[in-house]
Amino acid sequence: MKYIIYRSLIVLISLLCVACTREFDDNSDYQNNEIEPVLGDNSLLYSKIFRNQSTGTFLWFGLRNEVSNFTKPILSISSKRNDVNQSITIDLRGRLYQYSKENEEITFLNIPLNLFGHGDLVSDVVCSLERKQKDGCNDLTDAAMREQCQRTYLLVLKHIYIKDINAVVRVGESYTYQTSTVVLPSQAGQELYLTN
């Protein structure tokens, strides 16, 4: 009786191994498994989670230069198109990013934006990402206040590079494309708290 159970178990495990091998062989992600190059110098952001203080959502920077789908992180941009105020909300889930430590800039790559009202144009959105208070945090005597000071960052829009028309729209400057003039006024920074 024992031998029948053992033989049956061995046959079952063998069949399972064969099935898994076939599944992996047919999976294109498994066959073409290549290491993704890390874009920029992501020592600050590599697998870090920031909580947006105003929305309560989390901005989780994943392992492959991708914003994770943990919650619904957004980036809000205010602009004026032909002197009419508008607001653009960018869903950052699954978006690629590149961080430059030297410039303290983060670029969200290949985002479709309808900035001019003529349809989506592929754009890179460049923001500064730096500590809210760079100096004086260590001088605080209250440990909780010191930690809050050291872990709070500001995410502020600097400019938008529109790849489709090879244009840079900077904060505070107007840009005209076809029949639309767009101005990006000074943006309020989004306060982010580093949770890990």
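Trainee: What is Thr 152 in contact with, beyond its neighbours within four places in sequence?
Mentor: Arg 131, Lys 132, Glu 191, Leu 192 and Tyr 193. Contact means heavy atoms within 4.5 Å. This is a predicted model: local features need pLDDT of at least 70, side-chain atom pairs count only at pLDDT 80 or more, and totals for chains, interfaces and linings use all residues. Residues are numbered from 1 along each chain as its sequence is written, and side-chain values use heavy atoms, with hydrogens and water left out.

Trainee: Why is Thr 152 called buried?
Mentor: Buried means under 20% relative accessible area, exposed over 50%, partly exposed in between (1.4 Å probe, protein chains only). Thr 152 has 6%, so Thr 152 is buried.

Trainee: What makes Lys 132 and Glu 191 a salt bridge?
Mentor: The rule asks for a side-chain nitrogen of Lys or Arg within 4 Å of a carboxyl oxygen of Asp or Glu. Here N to O is 2.7 Å, and the side chains meet in a salt bridge. The pair links distant parts of the chain, 59 residues apart.

Trainee: Why is Lys 132 called partly exposed?
Mentor: Because its relative accessible area is 48%. Glu 191 counts as partly exposed too, at 24%.

Trainee: How do you know that Arg 151 and Glu 147 form a salt bridge?
Mentor: Their N to O distance is 3.4 Å, and the side chains meet in a salt bridge. Both residues lie in helix α3, four residues apart, about one turn of the helix.

Trainee: How many salt bridges does the rule give?
Mentor: Five. Among them is Arg 93 with Asp 91, the closest N and O atoms being 2.7 Å apart.

Technical notes:
Helices (H or I, at least four residues) and strands (E, at least two) are DSSP runs, numbered from the N terminus.
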